[in-house]
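Please look at the charged side chains in the structure below.

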Amino acid sequence: MPLKNVAYSPANSITASTAGVYEVNYYTNVSAAIGTTVTMAVRRNGTAIPQATVSRVLSVGVGSVYSGSFIITLNAGDVIDMALSALLAVGITLGGGVNTTLTIKQISV
């Protein structure tokens with residue numbers, strides 16, 4: 001995807017270079033080694049964004065898709081990333097093929 005007014009730094013994140021209104025799209029497909037609640041959150045500067053935080057109880061080895069889209073106002077320098085957490089210490093396996101995507105697109109200044 002073309003890169004304009006964003007940077008892929010720090011690693012595994014997207015930093016907005018320009019303040020404005022952005023559309024954020026996210027997708028991941030994961031399974032857990034044991035049955036537990038797994039939470040996926042899109043974060044802004046390390047803080048979970050409420051409308052992009054999803055918790056699900058996963059069964060052993062059964063894949064679950066976390067996906068969505070939302071609009072957010074970002075400041076220059078805001079860092080967007082995704083994070084997984086679980087109630088129990090658990091191994092997480094990414095699904096085959098395209099397993100995780102995170103995109104941001106500026107829609108207005």
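What follows is a short account of the salt bridges and of one aspartate.

This is a predicted model, in which local features need pLDDT of at least 70, side-chain atom pairs count only at pLDDT 80 or more, and totals for chains, interfaces and linings use all residues. Residues are numbered from 1 along each chain as its sequence is written, and side-chain values use heavy atoms, with hydrogens and water left out. The model holds 3 salt bridges, a salt bridge being a side-chain nitrogen of Lys or Arg within 4 Å of a carboxyl oxygen of Asp or Glu. Strands are DSSP runs of E with at least two residues, numbered from the N terminus.

**Glu-23 and Lys-105**

- Glu-23 and Lys-105 form a salt bridge in which the closest N and O atoms are 3.1 Å apart.
- Because Glu-23 belongs to strand β3 (residues 20-32) and Lys-105 to strand β9 (residues 100-108), the pair ties together parts that are 82 residues apart in sequence.
- Lys-105 has a relative accessible area of 45% and is partly exposed; the classes are buried under 20% relative accessible area, exposed over 50% and partly exposed in between, with a 1.4 Å probe and protein chains only.

**Arg-43 and Asp-81**

- Between Arg-43 and Asp-81 there is a salt bridge, with 2.7 Å separating the closest N and O atoms.
- Arg-43 sits in strand β4 (residues 36-44) and Asp-81 in strand β7 (residues 79-86), so this pair ties together parts 38 residues apart in sequence.
- Arg-43 is partly exposed at 26% relative accessibility, whereas Asp-81 is buried at 13%.

**Asp-78 and Arg-44**

- A salt bridge joins Asp-78 to Arg-44, and its closest N and O atoms are 2.7 Å apart.
- The pair links distant parts of the chain, 34 residues apart: Asp-78 is in the loop between β6 (64-74) and β7, and Arg-44 is in strand β4.
- Asp-78 counts as buried, with 6% relative accessibility, while Arg-44 counts as partly exposed, with 25%.

**Surroundings of Asp-78**

- The side chain of Asp-78 also reaches the backbone nitrogen of Asn-75, at 2.8 Å.
- With neighbours within four places in sequence left aside, Asp-78 is in contact (heavy atoms within 4.5 Å) with Ile-14, Thr-15, Ala-16, Arg-44 and Asn-45.

Key: Helix = DSSP H or I, 4+ residues; strand = E, 2+ residues; numbered from the N terminus. Polar contact = N/O pair within 3.5 Å; in protein donor to acceptor, adjacent residues only side chain to side chain.
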